[in-house]
Amino acid sequence: MERLRIGLYCLSSCEGCVVQVLNLEEKLLEIMKYVDIVECRVLGVRREEPVDVAFVEGFVASREGEKKLVRIRKKTRILVAMGDCACSGGRFLMKDFGDSEIRADPLSRIVKVDYYLWGCPIDQKEFLSLVRNILHDRKPREISRTVCSECILYERECLLDRGILCLGPITRGGCDALCPRNGRNCFGCRGLSDDANIDAFIGILQEKRVSPPQYLFRMRELRRNEGKTH
Amino acid sequence: MRGKLIEVKEIMRIEGHLDLEIVVDDHRVKVRAAAKEGTRILGKILVGRDYWEVPEIASRMCGVCSVIHKVTAVMAIENALGIELSEDIQLLRELIVIGGHIQSHLLHLFYFVIPDYLGAESIIDNIKRNDLAMIRDVISVKKWANDIVERFGGRAVHPVSPVVGGLSKLPSQADLIRILEKTVEVKKTATELTRKILEFDYSDFPAEKNFVSLKRNGGIPLLVGSVCICGEEADPRAYPNYIKYIKEEYSTALHFLLKNDEPFMVGALARLNNNYPALEGLAKDLCSEYNIRFPNYSVFANNQAQALEILYFIEKAEEILEKLARKKNIESSPRTTRRRGIGIAVTEAPRGLLVHEYSVNDHGKVISANIITPTAQNLKSIERRAEGLVGVLLDEGASFMELQKNVEKLVRSYDPCISCAARFRKY
């Protein structure tokens, strides 16, 4: 197996996804047997050389950010959007669907993105699994299930039944229902599941006497513009 | 070199994007610490939200110190709504915050700072040489600290269980004991790591004279205390009146000064300078052994203060774990008195004093938000002290490389977090 040359880059973000990577601790040492980190500002490495995989955190907030991203795209074989900021411009966490007039572009609006690591912050297991897949030249499997379908396996009392707004039924799974498992509502940070049915979800909320937040209607509108029927 | 503009782009081994500009003319040195973080104006996004959503978004100020942002936001909202918590919940929150602080201090000292003192470029050099002894020690303590946040907060980065009114999940006795069992080993390893940091030679120049932190009798305060501003104690709720902010054209962060226009320093060194008599246990023993005393005015001593705090906080965590593990039931029911109000929480983040301030209306919506971060308060001190250092180095005939290296080292010793500093405007 050839050693993989990777870079970790931050655009405008909290750098929590990079901290998730550093928090892998001995697992990080383990993957460094096969992987060279050749660029990472917080670790103090900067080489102006091509890389195999660029993991990019953060959204594009300015012209400089855009230039930086284009430079990264030019020198990498594979580009991975890391975290909700990079994947969606942070809109699923911030619930800001273009209303605040602040520039927050997802990476895909500027360059081609090969893989997405969803969530705020990214999930450590998903990061490791993606690195393993790339090392073996395999295409990672995409997740279509929802947070709700992962939560059900824990047989906990449904938060919606308690009148608490939980976005689990429409949110992309893969986090093993972290928030509901810890007794609190899903905040939707992993974005809409491909199969999300927002209309039906709004119906369920009304049935459970939970008032649907304004952003759900905005999400539905955006989804319709993207050509999805529900 | 006189008259020349030195520009250091994106200083490495710090949290966030900071450029440094140094202009030298015949009479003086001018340093600008320019935050180059694209601003996502969190303040604007927070206004109009349901109060319970605020901590979710506010914790995204920073991924290194997300724990304290989350807890401080929760505390400020609780203060606005008149929510009072049981002592057990307050202890658990302090425990989670301690986990976050130890993680942050270790990251700063052993990933960011230590290459400066070992003459290396990056900690990755050690890994490449397969020189892993120190890294394995750091990992074992860091894992224990992150484990605290993960077990009691749900996740190490952006924890999920601190919510307005308490914690969404309470720990089991088994969880508490599992962490407690490891403390003996962790203390031993952390003592060795702290020694490493204390043994380096730190320059006693430049010095800061104004230090601001929380102050409390009987311990280094994290979540509760009065504010100690250059030796004078004040009500934390009044703290924003003691400082003023200035907008600098070159920076995307807010910069702060004391009302008398002087810069000041917040952080581990400020905490120890203001609370040294309360330092106890292993950290205190090491101070006597290495003949270290506080107050210490050298900016570089912030590294020593962080190392000592790691030990102090481990023992504090042990104390809390023991106390909670003895209980049969953790008391959690909060008491609420009202639906609306103005709330403020002043806490100690790893990098220093942190303020979250919100007002909530009758419908539970946030109508104003204000966050004052530690690094925003430190930026002016960074600039002034860097100017002093550059002046002295130039007189000594330092080369450009030496100048850059030393100024970066100085900036790093403040442990700046530019993500925090640049992501807020008041709304």
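Me: Helices here are DSSP runs, H or I, of at least four residues, numbered from the N terminus. Which helix does B:N274 lie in?
Reply: B:N274 is part of α9 of chain B, a helix covering residues 268-275. Keep in mind that this is a predicted model.

Me: Is B:N274 buried or exposed?
Reply: Buried: B:N274 has a relative accessible area of 11%, and the cut-off for buried is under 20%.

Me: What does B:N274 touch?
Reply: Leaving out residues up to four places away in sequence, B:N274 touches B:F211, B:V212, B:S213, B:K215 and B:C228.

Me: Switching to rings. How many aromatic pairs are there over all chains?
Reply: A search of the whole structure gives 10 aromatic pairs. One of them is A:F187 with B:W52, with ring centres 5.9 Å apart.

Me: Why is that pair edge-to-face?
Reply: The planes of A:F187 and B:W52 are at 80 degrees, and an angle over 60 counts as edge-to-face. This pair crosses between chains. A:F187 is in the loop between α8 (178-181) and α9 (198-207) of chain A, while B:W52 is in the loop between α1 (42-46) and α2 (54-58) of chain B.

Me: Which is buried, and which is partly exposed?
Reply: A:F187 is buried, at 6% relative accessible area. B:W52 is partly exposed, at 25%.

Me: What lies over the face of A:F187?
Reply: A:K95 does, at 4.0 Å from the ring centre. In chain B, the charged end of B:K284 sits over the ring of B:Y276, 4.7 Å from its centre.

Me: What about the rings of B:Y312 and B:F313?
Reply: Their centres are 5.6 Å apart and their planes at 65 degrees, so this pair is edge-to-face. B:Y312 is buried at 2% relative accessibility, and B:F313 is buried at 0%.

Me: Which residues do ring pairs link into a cluster?
Reply: B:Y117, B:F200 and B:Y202.

Me: Now the sheet in chain B. What is the order of its 3 strands?
Reply: The order is β1-β2-β3, in an open sheet with antiparallel pairing. The edge strands are β1 (5-8) and β3 (29-35), each pairing on one side only. Neighbouring strands are turned by 15 degrees against each other on average, ignoring direction.

Me: How many bridges pair β1(B) and β2?
Reply: There are 4 bridges between β1(B) and β2 (residues 18-24). B:E7 has B:E21 in β2(B) as its bridge partner.

Me: Which helix packs on the sheet?
Reply: Helix α12 of chain B (residues 374-395), which touches β2 and β3. The direction of α12 makes about 140 degrees with that of β3(B).

How values were computed. Residues numbered from 1 in each chain as written. Chains lettered and ligands numbered in written order. Predicted model: local features only at pLDDT ≥ 70, side-chain atom pairs only at ≥ 80, totals over all residues. Heavy atoms only, no water. Phe/Tyr/Trp six-rings, centres within 6.5 Å; stacked < 30°, edge-to-face > 60°. Helix = DSSP H or I, 4+ residues; strand = E, 2+ residues; numbered from the N terminus. Buried < 20%, exposed > 50% of the residue type's maximum accessible area, 1.4 Å probe, protein only. Lys NZ or Arg CZ within 6 Å of the ring centre and 35° of its normal. Contact = heavy atoms within 4.5 Å. Pairing = 2+ DSSP bridges. Axes fitted to C-alpha atoms, helices over the stretch in contact; angles between N-to-C directions.
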